[in-house]
Structures are given as C-alpha cells and as structure tokens.
Amino acid sequence: FVLLFCFLLQVLNEKKLQEVDSLWREFETPEKANKIVKLKHFEKFQDTTEALAASTALVEGKLSKNLKKILKKIVAKDAHEQLAVADAKLGGVIKDKLNLSCIHSPMVTELMRGIRSQIEGLITGLPSREMAAMCLGLAHSLSRYKLKFSPDKVDTMIIQAISLLDDLDKELNNYIMRCREWYGWHFPELGKIITDNLAYCKCVRKVGDRSNFASSDISDVLPEEIEADVKAAAEISMGTEVSEEDINNIIHLCDQVIEISEYRTQLYDYLKNRMMAIAPNLTVMVGELVGARLIAHAGSLLNLAKHPASTVQLLGAEKALFRALKTKRDTPKFGLIYHASLVGQTNTKNKGKISRMLAAKTALTIRYDALGEDTSAEMGAENRLKVETRMRLLEERGIRRISGTGKALARTDKYQNKSEIKIFDPSGDSTLPAVSKKRKIQEVDEQNTEVAVKAKKFKAEIK
C-alpha cells in the first residue's frame, strides 16, 4: 500500500518496483500507472481547516486523527502487507502506535514521484481545474501556518520604508548643501542667519533675488527678529550679482528640497504606524527608527527573533567586532542599539551596562512580537520601566537591586578587633634642642684648622 494524504493506493505489480532506475517509465501515461497501482480508499476533507490540520501533521511527522482512523479500518484488514511511506519519521510513529510494518526506501521515493505526476488519472471524478485550485489553496494555507504569516504583519514594508528613509536623508543633505552653496554666491549672509534648512529653501523660493527682500513679506516663513536681520543683511550684502535664469534654477532646486522633505515626513508617519502594527513592544523599547533598522539588518522580524540578546546588542557593529577580535583589543559594547533613547540618556560610564540590559529586554519583546498572538504594547512598557529604573539606580549609585535576592546585601563584614590603647611617645621627654647629626663640609674644615693651630702652639710651648 502507498499512503498519499487521504488516498490509499494498492500496488498491483511489485516486481516492477524493484527496478528503481526505470520505474519512471511505468508512469509515463495514466494507463501505465493504473497497471502499477490502483485506488484502495478515498477520504474527503470536510473543509480547508481539516485539510490544513492533516497536512500540517504530515509535514511535522505526526499521526492525525483522520489518518489513524483510515489506517485502523483499511490497512488492519491486510496487516500482513507493508505500508510504504514517504517520511521515515511518520513511518516510525505508525509502527509504534498501530504496530504496522512500514517501509521507506529510494524505491518508495520514486513511486511517490510517479503517483504525483499521474494523480489526476489515478483518482477519477475530479476535474483538473478543481484539483489545481484545491492544491493552491491548501499550499497557501500551509505556508501561512508554517511561517506564522499574517497579511497585517508584513515586515518587508518596514525594510523598504527604512531603506528609503535613509536614502532620502542622504539626498536631502546633498541637495541642501548644493542649494546653500549655490545661493551663497549671491547672498552669503543668509546662510549664517537662517540655520534651518527647510526655512532657508522656503525663503529663497519665495523671494528669489536678494533685492526683493526689502519689499517681500516672509513673516509666514521666519520669525520677526530673523526677518529683520535678513532684510538688513540684504541691503549691505557682499554677494555677486546673478542672472534671472540662475535664480530660476536655484528656485527649482528649492522646490525639490521642499517636496522631498514633505514626502519624508509622510514616509516617517507611515513607518511609525507600520512599526506599531507589526512590532509594538519593540517600538516602545527602542523607538521606531532603531527597531526598523534592526529588522532590516536581520532581514525579517522572524530572523531577528532567532538572534540572542548578545547578537542584538552588537547588530550593526560586525566590522568593529571582528577587527577587535583580530587585533586582540576590546570588543564593542553596542551597535545599532546605541541610537536608542535609553542609551543616549545615560552617562558614558554606564552606556555599556544599559545597552546590555536593553538588548536583553529587547530580545524578549522581539520574540513576543514575532511569535505571540497579542498585539498590545504592555510588555514593552513594563520592560522599558525596568531599564529606566536600573539606569536611575546606576546614576544614583544606589544599594537596591531590581532582580535577585538580597542575600548579598545581608552579609556583614568580618569582625576585626581594633584596640584603642595609645602607645607612649618618648620623643616628648627630651628638652635639648635637636641637632642634626650631619655636619656641613665647611664646619668640618674649620674644626680641622682649629685643631691644627692648637697643636702647633702646644709644640711651641714645649720647646
């Protein structure tokens, strides 16, 4: 017998099965296939849910309820026959639970391949269109189940959005730098007065030539104080004169900068909403930008959930890590997670500790978002509060601990007896002035000369 989903096929000519290399020729046409195997039993699924459950059990190597009933009813009558299965693991389960002899070999694999190729001819009464539609629907359902797929949770959109956001930032920086440098030849003082890039481009687009600043109203773009400074600087500007065609090209560039800035704002709102829908706890922990970059770096939310906390902490710093390992220096303490607001709030001394704890809590929230059914952000808020409390304790250098027991705090230091008896100092008894034991060379020479003079006088007196 050959098992194929809910079909049982009986082998008619076992001798031809021994020739594995030429077995495919026996399934070239439906007529030849019917000479090798025939339909023994057909069991219809009631709906897609039942079919999905049975298919999932087969993929995982488990014995479903429907398959167990079929094997008990049909195959038990011919218990002396062998049951050919495509999955060795499933064959072991059938043998243990139903005590049926199962076989799995290259011959069975070729036989299954031939049956799949001629399935429409072996099972009569099913049109090819309906068969294709049923197979496609079951394949989609099985893929959704295996990948935990949901149409609302598409992390590909986040990867593309964050990549586009980074590209827009680079292009905006290039365009703004070019616009400031280009218009700076005509009105160089304007760049120092207006520091905001978007306001600078709006002002240039509205006014154009610097001679129009005196008669133009730019109060809707700039505050009154800055507007007065701009008009005063326009009257005494050191810039060169440019043609009207040059001004038109500069204004066109400003239009591009303003449009890209508006689209960037719109894209950021879209990314923020998608992050809250797909990974709400991750967004609460590290923010939408850092969370999106982590997902993009890992490839998907599911791949990111497979990473341990130590890998999440160093994602984005692979080059620095391997360079440090190669040169035997200190390894980096953080990667993309460095840009999270919690790491930025702490001081330099505690950034490594906070990033390690933040990575541990972030890894938990990622797995909760990727594999959990709940869409609330309560878990992320609780873990963020723990990290903030830990950060506050580190800054205050407190004694309390967040987790663990207080046994280490209850330990007392070893007792050491410290005597309070004072020792008598005999140096205070002497009333003579202290004289240095070392004498100067000059004093020694004077004493020697005095001794020599006294010795001469003494000799003269004797004579």
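Predicted model: local features only at pLDDT ≥ 70, side-chain atom pairs only at ≥ 80, totals over all residues.
Which residues is Tyr 183 in contact with, leaving aside its neighbours within four places in sequence?

View 1. Leaving aside neighbours within four places in sequence, Tyr 183 is in contact with Leu 190, Tyr 200, Val 204, Gly 208, Asp 209, Arg 210, Phe 213, Ile 247 and Ile 250.

**View 2. The largest nonpolar core, with 63 residues.** Here we meet Tyr 183 again: together with Leu 190 and Phe 213, Tyr 183 touches the most other members of this core. Helix 12 (residues 244–278) is the top contributor, giving 12 residues. Both domain 2 (153–270) and domain 3 (279–395) supply at least three residues each to this core.

**View 3. A second, separate core.** This one has 11 residues, among them Leu 67, Leu 83, Val 93 and Leu 100.

**View 4. Helix 10 crossing helix 12.** Take a look at how these two helices pack. The axes of helix 10 (residues 197–207) and helix 12 come within 9 Å and cross at roughly 140°, which means that helix 10 is oblique to helix 12. The crossing is left-handed. On the helix 10 side, the residues that meet helix 12 are Leu 198, Cys 201, Lys 202, Val 204 and Arg 205. Their partners in helix 12 are Ile 250, Ile 251, Cys 254, Asp 255, Val 257, Ile 258 and Ser 261.

**View 5. Asn 383, a buried residue in a helix.** Asn 383 sits in helix 20 (residues 378–396). Asn 383 counts as buried because its relative accessibility is 6%, under the 20% cut-off. Beyond its neighbours within four places in sequence, Asn 383 is in contact with Met 285, Lys 361 and Thr 365.

Key
Residues numbered from 1 in each chain as written. Heavy atoms only, no water. Core = buried A, V, L, I, M, F, W, Y, C linked by side-chain atoms within 4.5 Å. Buried < 20%, exposed > 50% of the residue type's maximum accessible area, 1.4 Å probe, protein only. Helix = DSSP H or I, 4+ residues; strand = E, 2+ residues; numbered from the N terminus. Domains from an automatic or database assignment. Contact = heavy atoms within 4.5 Å. Axes fitted to C-alpha atoms, helices over the stretch in contact; angles between N-to-C directions. Parallel < 35°, antiparallel > 145°, perpendicular 65-115°, else oblique. Left-handed = near helix turned anticlockwise from the far one by under 90°.
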